[in-house]
Amino acid sequence: MATVHLRIGDLVWGKLGRYPPWPGKVVSPPKDLKKPRGKKCFFVKFFGTEDHAWIKVEQLKPYHPHKEEMIKINKGKRFQQAVDAVEEYLKKAKGKDQSHSDDKSKSDKGRKAAKPMKIIEEDDEDAFKGGSSDKEQTDSDPEPSSVQRLVAGTVSGFKWDSSPVKDDPHFHHFLLSQSEKPASSMEPITKRLKIIEEDTRSTSIQAADSTAINGSITPTDKRIGFLGLGLMGSGVVSNLLKMGHVVTVWNRTAEKCDLFIQEGARLGRTPAEVVSMCDITFSCVSDPKAARDLVLGPSGVLQGIRPGKCYVEMSTVDPETITELSQVITSRGGRFLEAPVSGSQQLSNDGMLVIVAAGDRSVYEDCSSCFQAMGKTSFFIAGEAGNAARMMLILNMVQGSFMATIAEGLTLAQATGQSQQTFLDILCQGQMASTFVDQKCQNILQGNFKPDYYLKHIQKDLRLAISMGDSVNHPTPMAAAANEVYKRAKALDQSDNDMSAVYRAYIH
């Protein structure tokens, strides 16, 4: 393939994964944005969106020579809007050139010929460090809400796909926020997309971006059902409604539905009715038994499943339960996805959950706008259904064990005459500093154990993770020790308090 020679300011077509070629402009990156190591790439600002990305040179083509070709193969509305934005940009630029042509010709007489803009090569480590002045970007440039980049694997022998590409309303959600400055909890956080190319030798992960915090989601036109309005489910449904989704809800305790009906949700009388009324139905319940009962019980999900209906299990359960549910759903012609979430009630309310999905990839893609509304990031793990359950149990095993260790440290500090607040202050200045540690410890010191994530649920996850380790003969001694502490806390009537109430197991 011929080498592409580009300069700052050049208009280009940029190709990203399965998305159609998109018009953009080569610009200088911000000062705090490092150039990815590896193949030669350029920093591109896309028209018609609010996105930037580092794009490899083999994924770029000059705008004008390939304009007609791209317009022929892409017919979507958003694509046409992007092309119109380019033409408007060119029109304004041409107008400025004409109005200032006399002044420019006079000033250019005594001026030396300008040196051509340096082309950024692969090994130019410091080429972008200085960034560019504002003068290099015109007022007509589309301004982004955040700086973003694409993380992509090696692409060799890249070829343009000449087949028509269906317009994707979520095209502008494909980039990864890459500012090295950590966002504070008080400022808008750009939700992230991570794209990691599939490695056929191992389980692969792909994540979909989420931008609910910016209110820029285009909701799916599919009818959404949601079963289970607990700590996590309530926040999820609220964000789905805020972002314009049509949602039908059901909960075992019907009164919990009232608030969401007032917010515009529809009411389903049974799980079967919700599934029959909706295209995609999510469930989020407490444990494996509840998940099975919801599907297999009287007036359960299975009775409403018809060919093409989608069922998404968001509960954190064991992989065996997921396998069973997947089999019964698909046996009726349904489509199944597991998508457990990592987070808390507060993160659910804020639309900042992390979603880990596995199963039917097409269902994952159909859920794009829903995942964007409820989470900051969603990952798709290739392979069989049950892989997301395995991953989530491991994550919660680590979190639960860590919480027990923090509680142990706080109580040991007290037992040895040390200030617990000083312990926390030092901890939060070190390498383990995090919002999680600070909030949980402050709540402990204040005696505030209002549930953000139920203690009984983290103990359930520890138990399931230990069992999963047993099934593959893998030792889990740290999790087993933590599990005993949580069991002690449950015996002290702490089940319905926050997981941080494990602290009380050490002081009784």
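The structure is a predicted model, in which local features need pLDDT of at least 70 and side-chain atom pairs count only at pLDDT 80 or more, while totals for chains, interfaces and linings use all residues. Residues are numbered from 1 along each chain as its sequence is written, and side-chain values use heavy atoms, with hydrogens and water left out.

To begin with the overall picture, the secondary structure comes to 17 helices and 17 strands. Here helices (H or I, at least four residues) and strands (E, at least two) are DSSP runs, numbered from the N terminus. Of the 508 residues of the protein, 48% count as buried; buried means under 20% relative accessible area, exposed over 50%, and partly exposed in between, with a 1.4 Å probe and protein chains only. Contact means heavy atoms within 4.5 Å. Among contacts between residues at least 6 apart in sequence, 68% join residues at least 24 apart. The protein exposes about 25100 Å², of which carbon and sulfur atoms supply 51%; accessible areas come from the Shrake-Rupley method with a 1.4 Å probe, and for residues, only the protein chains shown count as cover.

Next come the cores. A nonpolar core is a set of buried Ala, Val, Leu, Ile, Met, Phe, Trp, Tyr and Cys residues joined through side-chain atoms within 4.5 Å. The largest one has 35 residues, and Phe 226 and Phe 282 have the most contacts inside it. Elements that give two or more residues to this core include strand E9 (224-227), strand E12 (280-283), strand E16 (353-359) and helix H12 (368-374). Helix H4 gives the most, with five residues. Leaving aside neighbours within four places in sequence, Phe 226 is in contact with a set of residues that includes Val 236, Leu 240, Trp 250, Phe 282 and Met 314. A second, separate core of 31 residues includes Leu 410, Ile 466, Ala 479 and Tyr 503.

A search of the whole structure finds 11 aromatic pairs. Rings of Phe, Tyr and Trp (its six-membered ring) pair if their centres lie within 6.5 Å; planes under 30 degrees apart count as stacked, over 60 as edge-to-face and the rest as tilted. Trp 13 and Tyr 63 are stacked, because their ring centres are 5.0 Å apart and their planes are at 15 degrees. This pair links distant parts of the chain, with Trp 13 in strand E1 (residues 11-14) and Tyr 63 in the loop between strand E5 (60-62) and helix H1 (67-73), 50 residues apart. Both Trp 13 and Tyr 63 are buried. Tyr 364 and Phe 380 form a tilted pair, at 5.1 Å centre to centre and with 50 degrees between the planes. Here Tyr 364 belongs to helix H11 (residues 361-366) and Phe 380 to strand E17 (residues 375-381), 16 residues apart. Tyr 364 counts as buried because its relative accessibility is 5%, and Phe 380 because its value is 4%. Phe 226, Phe 282, Tyr 364, Phe 371 and Phe 380 form one aromatic cluster.

Charged groups also meet rings. A charge sits over a ring if NZ of Lys or CZ of Arg is within 6 Å of the ring centre and within 35 degrees of the ring normal. Arg 361 lies over the face of Phe 380, at 4.7 Å from the ring centre. In another case, the charged end of Lys 456 is placed over the ring of Tyr 454, 5.1 Å from its centre.

Two polar residues can be described in turn. Asp 461, in helix H16 (residues 455-471), is buried, with a relative accessible area of 0%. Its side chain and that of Asn 396 are joined by a polar contact of 2.8 Å. A polar contact is a pair of N or O atoms within 3.5 Å; within protein, one must be able to donate a hydrogen and the other to accept it, and residues adjacent in sequence count only if both atoms are side-chain atoms. Thr 220 lies in the loop between strand E8 (205-209) and E9, and its side chain reaches the backbone nitrogen of Lys 222 at 3.1 Å.

Finally, the backbone: most residues other than glycine have a negative phi. Ser 299, however, has a positive phi of about 55 degrees and counts as partly exposed at 30% relative accessibility.
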